[in-house]
Amino acid sequence: MEAHGPRADEDLVTLLTHTGERVSHPDFDRYAEGVDAEAMRRMWRDMTVVRAFDNEATSLQRQGELGVWVQSLGQEAAQIGSGHALTGNDFVFPSYREHGVALTRGVDMPEILRIFRGLQHGAWDPEAHRFHLYTLVIGAHSLHATGYAMAMDRDGMVGTGDPERDGAVICYFGDGATSQGDVSEAMVFAAVNSAPIVFFVQNNQFAISEPVARQTRAPLAQRGAGFDIPSVRVDGNDVLACHAVTRWALERARSGGGPVLIEAFTYRMGAHTTADDPTRYRTRADEAYWAERDPIARLDAYLTSLGELGEDFRATVAAEAKDLGRRTRETVRGWTSPTSTAMFDHVYAEPHATVEAERAWFERYERTFAAEEVHA
Amino acid sequence: MPTIETFHMPDAGEGLTEADIVTWRVAPGDTVEVNQPLLEIETAKSLVELPCPYDGVVVALLAAEGDTVDVGAPIATFDVDPGGEAPADDAPVAQDAVVAEAVVAEVPVAQAPAAPEPAPASSPAKVAETEGSGAVLVGYGVKAGSAQRRERRDGALDPIGGAEDASEYPVLAKPPVRKLARDLGVDLTTVTPSGPGGLVTREDVEQASQANSARSLATYAADDQPWLESGYSKDGGRSTRVPVRSVRKRTAEAMVKSAFTAPHVTVFHTADVTETMTLVKRLKADREFADVRVTPLLIVAKALLLAVRRHPEINASWDDEAQEIVYKHFVNLGIAASTPRGLLVPNIKDAHRLPLHALAAQLGELTALARENRTPPTSLTGGTISITNVGPLGIDTGTPILNPGESAILAFGAIREQPWVHEGEIKVRWVTQLALSFDHRLVDGELGARVLADVGRVMSDPSQGLVWG
């Protein structure tokens, strides 16, 4: 299994071991200091809720309600930990698996599924949530994110020392995206312009079925050095470490310190998408190894050891998760397909003669078909 | 009342068309809840467990283990309101009957396709919906006969932006094409577009313009038809009237203004231009002139510039309002050109400063631009003296009308081999006619005559240019 790459934890920033013990780190302890039991409970709650949502969406796909679903299973610590480090001015450029980050940005979770039911390209207001629409083209958004960060700098939103004003961009992508030219180009621009951006790589060890060892010889974090971008390799299943590292990186970027590359080393516990069968390219032993390192179990163990995770709280969160599941199911089933001419609605912000002509033509084209059959 | 819901085989991958049923995890009569394991299926990609979509009671399993089922086909029914009357076994059949009835009602009888299949295990309606474009997983192929097309009504469809749209939207044309249409006096709304998306192209405009030009009069239409597309027929079909537009209109105004404000006088001169023809031939062979066109017009232009240098008073204009004569310190040399837009007189700015090669280059550019209909507006204003080259049309000479604001115009006629007395003998020589019209308000006959004589002198003996240059 040489192709499966390093499992070694040695050079990973870790604050919680996989058995839930708090360990100290010389650089990042202070960025976790402010995270009290209450804050950790919120993280535990978010991780639990997003996992329930993820499972519900997987079921909905299996029941024919969604065309495809992209599971975030196993990556909750990387997403919730980093998401909790964001402030109001920060802007997120996700790829398509960042459901956990979406939750921290207040996106109404069922709305995410419109894309996966094939109804809309994106259903939330990116400006309101400071959370861009999902980008399905691998790595393409890294350039958009860098451009946005450069613009924030030019708009005077960086390095003023005023927390009401300063902000940064965080761009999420996977290990597979690091093989795309776009990502390297983005780092070139980010570095030379000292753009306020954090490149957050969730290295879940597979680009669909391609193991990371077939994509890089060196740990991905080492790539930053070539661009003179400071880089950190963090345990992606350690929510506390992910949080601390991201906080450091964002504070640095907001204050005008320039870009940071974070490699969160994690594991995609589910399939790439519901159309994928991971048993064809990884072993049960592998899956069992990573099941022991489940990011929620780790925080659960730590909070329990502190006596900070009461049964009441668990029950409340379980009810909340179940509620979200039911609401998601009902919402999705209640959606009607958009009319086929809706695709012309948002091509331009203002009326456009060509689009109008095409819409008119398309309406006539649709009328050339016999009446649609009625579905039960 | 029992409420029956049907579960259809989902597409568990992306673009799959069928799946095998491996194991049922429930049996009819079982009470089930949402997301409990329902069955296992095997697709072209993987073994997948399908969770139960409903809370309720399993009514019927519609496919057996081992069956291959089309995506979209019903595989199980559930009573989601088991508190009501006990569900009958024929519930799904009743469901399908409703579907079939609705389909029949929706399709106009005349165009009814082969009546909807009496829905057996697989409902084509649902298949068609799920399959959409018929997309299929790369590498797995489409199951034979699985492709479904939506039923079409009769009737062809116009292209986008076709006739039906014409009135609803402004004409689509790029700015240069709009300008061309304006210059040619073509109304864009009357042009049939041939470009993508109903775009009017340059060719469309040119074609429309041609249809509007007198050159298309070769065949006479029926008497009540106008000869020109832009015109209309009157007098019982005995004439065609065309609104005066664009260049034609401006030409008319300029000519009237010029002819009836400036008293024209024209003087003529016949010249032996054999030496000019020899010079043209030599220059054509000269490497320094390899990149430009050398023509007799170039020499006559140079000759006129030399004449103006000796008689600058000819390069002037009459300012009627100020009651002043304006002598120009520069020569913007106009060359009358017949262009697709009509008669234009673009001019070469500061032509008096140009050496012969540069003059040739500018003449070439001016001619090319005029021919391509790309004459810039700036070269149509500010002329000071002009040449009209009537020779290429085979005409000996004429009495040209002055370009408004100028006081002289030279007509350059055809150059022909003619018997000519040369050094005391009759020889075959290259001979041409030169005519100069001038504004008699400020140019006396003598001045006009001297200018024309000087032009003739240089044409007869280009070496005179060395003396005057």
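Two residues are in contact if their C-beta atoms, placed from the backbone, lie within 7 Å. This is a predicted model, in which local features need pLDDT of at least 70 and side-chain atom pairs count only at pLDDT 80 or more, whereas totals for chains, interfaces and linings use all residues. Residues are numbered from 1 along each chain as its sequence is written, and chains are lettered from A and ligands numbered from 1 in the order in which they are written.

**Chain A as a whole**

Select chain A and display its secondary structure: 14 helices and seven strands are present. Helices (H or I, at least four residues) and strands (E, at least two) are DSSP runs, numbered from the N terminus. Chain A has 376 residues, of which 48% count as buried. A residue is buried if 20 or more other C-beta atoms lie within 10 Å of its own, exposed if 12 or fewer, and partly exposed in between; these C-beta atoms are placed from the backbone.

**The sheet**

Next, select the open sheet of five strands in chain A; its order is 1-2-3-7-6, with parallel pairing. Strand 1 and strand 6 (231-235) of chain A are the edge strands, each pairing on one side only. From one strand to the next, the twist averages 20°. Strands count as paired if DSSP finds at least two bridges between them; strand 1 of chain A is joined to strand 2 (residues 169-174) of chain A by three bridges, and the two run parallel. Within this pair, A:Phe93 stands opposite A:Cys171.

Axes are lines fitted to C-alpha atoms, for helices over the stretch in contact, and angles run from 0 to 180 degrees between N-to-C directions.

**The nonpolar cores**

Which residues have the most contacts inside the largest nonpolar core? Select A:Ile197, A:Val198, A:Val245 and A:Ile262; the core has 89 residues. Among the residues that A:Ile197 touches, beyond those up to four places away in sequence, are A:Ala145, A:Val169, A:Cys171 and A:Ala253. A second, separate core of 53 residues includes B:Ala262, B:Val273, B:Leu402 and B:Leu452. A nonpolar core is a set of buried Ala, Val, Leu, Ile, Met, Phe, Trp, Tyr and Cys residues joined through C-beta atoms within 7 Å.

**Helix 3 and A:Asn89**

Return to chain A and select helix 3: eight of its eight residues are buried, so it is largely enclosed by the rest of the structure. Between helix 3 (76-83) and strand 1 (91-93) of chain A, the loop contains A:Asn89. A:Asn89 counts as partly exposed because it has 17 C-beta neighbours inside 10 Å. Beyond its neighbours within four places in sequence, A:Asn89 is in contact with A:Met157, A:Asp166 and A:Gly167. A:Met157 is 68 residues from A:Asn89 in sequence and 8.5 Å from it in space, C-alpha to C-alpha.

**Two loop residues in chain B**

Most residues other than glycine have a negative phi. Select B:Asn35, whose phi is positive, at about 75°, in the loop between strand 3 (31-32) and strand 4 (37-42) of chain B. B:Asn35 counts as buried because it has 20 C-beta neighbours inside 10 Å. Finally, select B:Glu423, which has a positive phi of about 50° and is found in the loop between strand 21 (416-422) and strand 22 (425-439) of chain B. Because B:Glu423 has 5 C-beta neighbours inside 10 Å, it counts as exposed.
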